[in-house]
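Here is a briefing on one predicted model.

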Amino acid sequence: MNSIIDLHCHSTASDGSLAPAAVVERAAERGVKVLAITDHDTVAGYDEALAAAKHAGIKLIAGIELSCVWGGVTIHIVGLNFDPKSEVMQNVERTQTIAREQRALLIAERVGKRLKQTIDLAEVQTYADGGALGRPHFARYMVDKGWVSSMNEAFNKYLGAGKPGDVKASWPELAEVVGWITAAGGEAVMAHAHLYKMTRTKLKACLQDFIDAGGKGLEVAYGQMDANQRGQMTSLAKDMNLHGSCGSDFHGPNRFGIDLGVMPDFPKDIPPIWSAWTEVAV
Ligand code: MN
Ligand code: MN
Ligand code: MN
């Protein structure tokens, strides 16, 4: 189904393949009326998207997708309808970049020690194409350096589970990032909770902490979600009195077969996260 509201997608400001203005134009062409671009850990695309949205005649909502941890699990929180010029949001990108680099630094240090080599992070970064450094980038770098003969060997000896490079992300805690969004005047939504591989009991405990921190919404209609997952998220939202949010998680044409506005129907009995947004009359 095509929805006229899409509150989760990405541009080249993070890992999407279309520039912010191009995302807006594509959304407008596809009949989307209300759009939030939720780039990972940055609002850098907002100004360009806003200019394009005015031109295309669609309503742009400030958005971001923040990485955090809860009980050792990496969770994504979508922030919506906040002030992108607020100090807290202007600082988010730097804070999150430090968190991301912390992990890469630790991997480089620990794996380098084991290899008895110096890992040059700037060189490893060239493997990530401007994106976040992950273990596969280290593995490819190690192969090219001739320190291991294959990616498999890199993982089996140095990067895989229980090896020196098995470093957990140093993202901030869930409650902290929810607090940032609220402080910036916005609403926090838990993104794609059907993908976290938690039991319902654990997910409910996680959502309770989210609510206690000020979290307001749960994605109940998402690009890649089957009827069963939609049912589970809808019943969770109901049980926990959460508002529903919806988004495609579009990253670019021909990526994961997802397009702007494409997602299951929004469940009728869940209050939408935009119900309190006076400027969104839908
Ligand atoms: Mn992404
Ligand atoms: Mn995500
Ligand atoms: Mn996303």
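Ala, Val, Leu, Ile, Met, Phe, Trp, Tyr, Cys and Pro count here as nonpolar, Asp, Glu, Lys and Arg as charged, and the others, Gly among them, as polar. By that scheme, the lining of the largest cavity has 9 nonpolar residues, 3 polar and 1 charged.

The model is predicted: local features need pLDDT of at least 70, side-chain atom pairs count only at pLDDT 80 or more, and totals for chains, interfaces and linings use all residues. Residues are numbered from 1 along each chain as its sequence is written, chains are lettered from A and ligands numbered from 1 in the order in which they are written, and side-chain values use heavy atoms, with hydrogens and water left out.

**Cavity**

- A cavity is a set of points on a 1 Å grid over the protein atoms alone, where a 1.4 Å probe fits but cannot get out; lining residues have an atom within 4 Å of a point.
- Grid points are joined across faces, edges and corners, and a volume is the space filled by probe spheres set on the points.
- The count is 1 cavity of 30 Å³ or more.
- The volume of the largest cavity is about 100 Å³.
- It is lined by 13 residues, and Ile37, Val43, Gly45, Tyr46 and Gly63 are the closest to its centre.
- H2 and strand E3 (59-61) are the elements that give two or more residues to this lining.
- Helices (H or I, at least four residues) and strands (E, at least two) are DSSP runs, numbered from the N terminus.

**Manganese ion (ligand 1)**

- Donors are N, O and S atoms within 2.8 Å of the metal (3.2 Å for Na, K and Ca); water is not among the atoms, so sites may look incomplete.
- Asp15 (OD), His40 (NE2) and His251 (NE2) are the protein donors, 2.2 Å from the ion.
- Their spacing along the chain is D-x24-H-x210-H.
- Distant parts of the chain are linked here: His40 sits in the loop between strand E2 (34-36) and helix H2 (46-56), and His251 in the segment after strand E8 (243-247), 211 residues apart.
- Buried means under 20% relative accessible area, exposed over 50%, and partly exposed in between (1.4 Å probe, protein chains only).
- His40 counts as buried because its relative accessibility is 18%.
- His251 is buried too, at 8%.

**Manganese ion (ligand 2)**

- Glu65 (OE), His76 (ND1) and His192 (NE2) coordinate this ion at 2.1 to 2.2 Å.
- The donors follow the spacing E-x10-H-x115-H.
- Glu65 is in strand E4 (residues 63-70) and His76 in strand E5 (residues 73-80), 11 residues apart.
- Glu65 and His76 are both buried.
- The manganese ion (ligand 2) lies 5.6 Å from the manganese ion (ligand 1).

**Manganese ion (ligand 3)**

- His8 (NE2), His10 (NE2), Glu65 (OE) and Asp249 (OD) coordinate this ion, at 2.1 to 2.2 Å.
- The sequence spacing of these donors is H-x1-H-x54-E-x183-D.
- His10, in the loop between strand E1 (5-6) and helix H1 (20-29), is 55 residues from Glu65 in strand E4.
- His10 is buried.
- The manganese ion (ligand 3) is 4.6 Å from the manganese ion (ligand 1).

**Gln96**

- Gln96 belongs to helix H3 (residues 87-115).
- Gln96 counts as buried because its relative accessibility is 0%.
- Its side chain makes a polar contact of 2.8 Å with that of Asp41.
- A polar contact is a pair of N or O atoms within 3.5 Å; within protein, one must be able to donate a hydrogen and the other to accept it, and residues adjacent in sequence count only if both atoms are side-chain atoms.
- Contact means heavy atoms within 4.5 Å.
- Leaving out residues up to four places away in sequence, Gln96 touches Asp41, Leu66, Ser67, Trp171, Pro172 and Trp180.

**Helix H5**

- In helix H5 (residues 135-145), the buried residues include His137, Phe138, Ala139, Tyr141 and Met142.
- The buried residues of H5 pack against H3, helix H4 (121-125) and helix H6 (151-159).
- Lys145, also in H5, is partly exposed at 37% relative accessibility.

**Backbone angles**

- Most residues other than glycine have a negative phi.
- Asn81 has a positive phi near 60° and lies in the loop between E5 and H3.
- Asp249 has a positive phi of about 60° and is buried, at 11% relative accessible area.

Terms used: On a 1 Å grid over the protein atoms alone, a cavity is a set of points where a 1.4 Å probe fits but cannot get out, and a pocket is an open set with protein on both sides within 12 Å along at least five of seven lines; lining residues have an atom within 4 Å of a point.
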